Amino acid sequence: MPIKSYLAHAITGKKTELMHALKSMEQCEVVPAENQDVLALVTDTANEQEDELLKEKIEAIESLKLLSLVSGFNAPQK
Amino acid sequence: MYRSVTNRRSFIKKMAMLSAMTAAASMFPGIVFASEQEKNIPEDANLDWKKGPCRFCGVGCGILVGTENGKAVAVKGDPQSSVNKGLLCVKGYHQIMCIQSKDRLTHALVKRNGRYVKTPLSEALDIVADKMKSTIDTHGKDAVAMYTSGQSTIPEGYVASKFMKGAIGTNNLDCNARLCMASAVAGFLTTFGADEPMGCYEDIDHADYFVTWGNNMAEMHPVLFSRMLEQKGTRGAKIIDFATRTTRSSTASDKSILFEPQTDLAVANAICYEIIKNNWVNTSFVEKHCNFSKGITNMGYGLEDNYTFADKPEPIDFEAYKEFLKDYSPEKVSKYSKVSVKDIKYLAAIYGDPNKKVVSYWCMGMNQHTRGTWINNLVYNIHLLTGKISQPGNGPFSLTGQPSACGTAREVGTFTHKLPKGVVTNEKNRRLAAKIWKVPYERIPSKPTYHATEMFRAVDRGDIKFIWTQATNPLVSLPKTSRYRPGMQKDSCFVVVSDVFPTPTSDVADVILPAAWHIEKSGLYGNSERRTQHWDKMVEAPGEATEDAWMFIEVARRMGYGDLFPYSKENHVEEIYNEYRQFHEGPKHGMAPLEVLKKESGVIWPYVKGKSTQWRFNSTYDPACSNGEDFHFYGKPDGKAVIWQRPFEEAPEKPDQEYPFWLNTGRVVEHWHTGSMTRRIPVLHQAMPHAYVEFHPEDAKSYGIRNGDQVKVSSKRGSCVLPASINERGLPTKGQVFVPFFDENMLINDVTLDAFCPISKEPDYKKCAVKVEKV
Ligand code: SF4
């Protein structure tokens, strides 16, 4: 049940587009920065597989410049 | 260990969001998230905001703690603090959350018949005093020891020193700053004869280049790094990351240069070679202000018990130094450092350009090094040869890890060889201490005894029969805990641990004393830039949790030293600070009076005639300069700094066929050192729940290791099983693995080597040889 947080860096000037694209994905919660082309993003998925699929979908968004993981360390806790 | 207060996913998600926003705040100074960060504070809250320093690193950010009905409920950055100008990192924002942790130590615990029994504090202190006294009576005063911390406050460190050295009369006092700062101290003393950086954080606003030497500032000094990024964005300042591993700092820098572990010594010499070859030496500065010297080489690595070493400096001239550097041409050094000739020349050209201002930053990468003193000396050489020192935007700057590694460990001097002013080997310094402490001069021994590693070896050997640790967790943080944990468990040593939370160290204690957390007491810290910061007690400590200083005083009184500790419970911080200040009177180290510190968000020493000295040794800024020249390195008797001839020497243990990887250990932004506090802060624990072992993707592939696979990392000393991490937080070079040490459930220091720098006695946590197996 991974919950991860990221910083999603938008291509300059495309923050709103990126925000809409992310908000349209059900597993994403987004808070945009007011004065930078960056969004704080939290993803909530059912399992690792779904998590990876979602990440692929996010990475395919055109207005996204860079996605950097902040928390939700990727290794499963054993 | 920490158990989550609630499992609600919404709570975790909220924490994850906060974590992302605070991470952004350290990458983009001044970033605004629609006031989300203050959303937790109820709108109608009537908070009383009190100033203090952050608890969680040597940057020393100013914090404001909001209290309501006697409880700390919020933290924000202090806009008045010139250190952070209102900004905090993820640890800073969430720091107060740990004090509410359910497993807080609130009462003394005494081990009786193998079980911990809740005991009134005064009874526990009776037991400690009786045991300490009877140990001294039976085995002599050098059979008792105290091991303190760079997180102890200035008054706590001062009372510890006075108690051990002045009252009992033993130098068996050392602290965990030995593990992080001793090489910086030895570097400053050998080159300049005076400890601590000459510059200050304002250098950031003036420098054209920042060269970081093995220093992941984006994670370890995040607020300073964000200040550098701001200068990068606004003025075009450049950040050059010189390291053995690609980190968040590398990716945010203008250039990342990777080197083979240990070869920073050779690259620093190669930079000096280039500076001389290209006539970039500031000749008039060097002639007026520098001497050249060499010392003993092939010193060993302190691997054997009772190892001793004393350097024998010998003067040399510039020609001899130049001759020595012939072995360090970029072409020769490139072969074993794996730094290209082009990159070595690039670094040299930055330092060599008279029109560019350069600050070098470093921390554990250079200090935790078996040649730690040498590499500190070598970076000073670069700045001295070019005269880029002690000026706004120009200078070498050794950063500290702990909030008061400077203020307490280094300035008060909680090391075996130190006194609040000077060293125990110096008669004048001992006489001053004896006078202020009002003890017979003969009582203060003139010989240092055990530095940290040797202190725990002495515990293991049975030579130390009583040890008291405070605000530190050596059984997670020492190197080679695989030896020192069983050593501490032996019946031959009585162990007293004062702490805020249970730790693997308190697990082996005979008596556990409940300590007050920093905002639950008044105190003073001193940060990396010589800034002393005072705070008043903000909330009451729970149960019988008490200030460490007061517990020392109570034990000292019980042992018959009451006349030396005449302080009152209500005002002891003030009384102790005023006594301590006498040690540093004068323009070279004058400390600000308490009234000033109470008003200001920290004051830089030397504080002379109502003014801070921001750049020492430069007569424009430093009233202690008295030689009539533009610079005066007055720490040395002849007023000159020393350019040291120090060679490259191999690490004591290198990868081989059986143990083919370098092991590098370190920290992560979310956790403070051994994690005993930050792992009890839900947002930080969620963000980084456990340690891991980082691989280069090619190494991982050749071992068939995937992200999350359990991997056993073993050395000749011990092993540790951790999940693999590939292409996540950091990227080690091929042939190297990296493990953070914050996780008490994955004790990587069972694996590390207890080799240390023979001059500073600081262990090297960055280099030993290991093998890895998928399990
Ligand atoms: S950078 Fe250091 S001092 Fe500043 S808020 Fe973070 S942990 Fe605290």
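1. In chain B, α4(B) crosses α21(B) in a left-handed manner, meaning that the near helix is turned anticlockwise from the far one by less than a right angle. The model is predicted, and local features need pLDDT of at least 70, side-chain atom pairs pLDDT 80 or more, while totals for chains, interfaces and linings use all residues. Residues are numbered from 1 along each chain as its sequence is written, chains are lettered from A and ligands numbered from 1 in the order written, and side-chain values use heavy atoms, without hydrogens and water.

2. Helix α4 (residues 154–168) of chain B and helix α21 (residues 548–558) of chain B have axes 8 Å apart and pack at an angle of about 20 degrees. α4(B) is therefore roughly parallel to α21(B), a term for angles under 35 degrees. Among the residues that meet there are V159(B) and F163(B) in α4(B), and F552(B) and I553(B) in α21(B); contact means heavy atoms within 4.5 Å.

3. Chain B also has an open sheet of three strands, in the order β13-β12-β24, with mixed pairing; strands pair if DSSP finds at least two bridges between them. β13 (314–316) and β24 (641–645) of chain B each have a single partner strand, so one side of each lacks a neighbour in the sheet. From one strand to the next, the twist averages 45 degrees.

4. Strand β12 (residues 290–294) of chain B runs parallel to β24(B), joined by five bridges; S293(B) has W644(B) as its bridge partner in β24(B). Helix α15 (residues 372–386) of chain B packs on the sheet and touches β12 and β24 of chain B.

Note on methods:
Helix = DSSP H or I, 4+ residues; strand = E, 2+ residues; numbered from the N terminus. Axes fitted to C-alpha atoms, helices over the stretch in contact; angles between N-to-C directions. Parallel < 35°, antiparallel > 145°, perpendicular 65-115°, else oblique.
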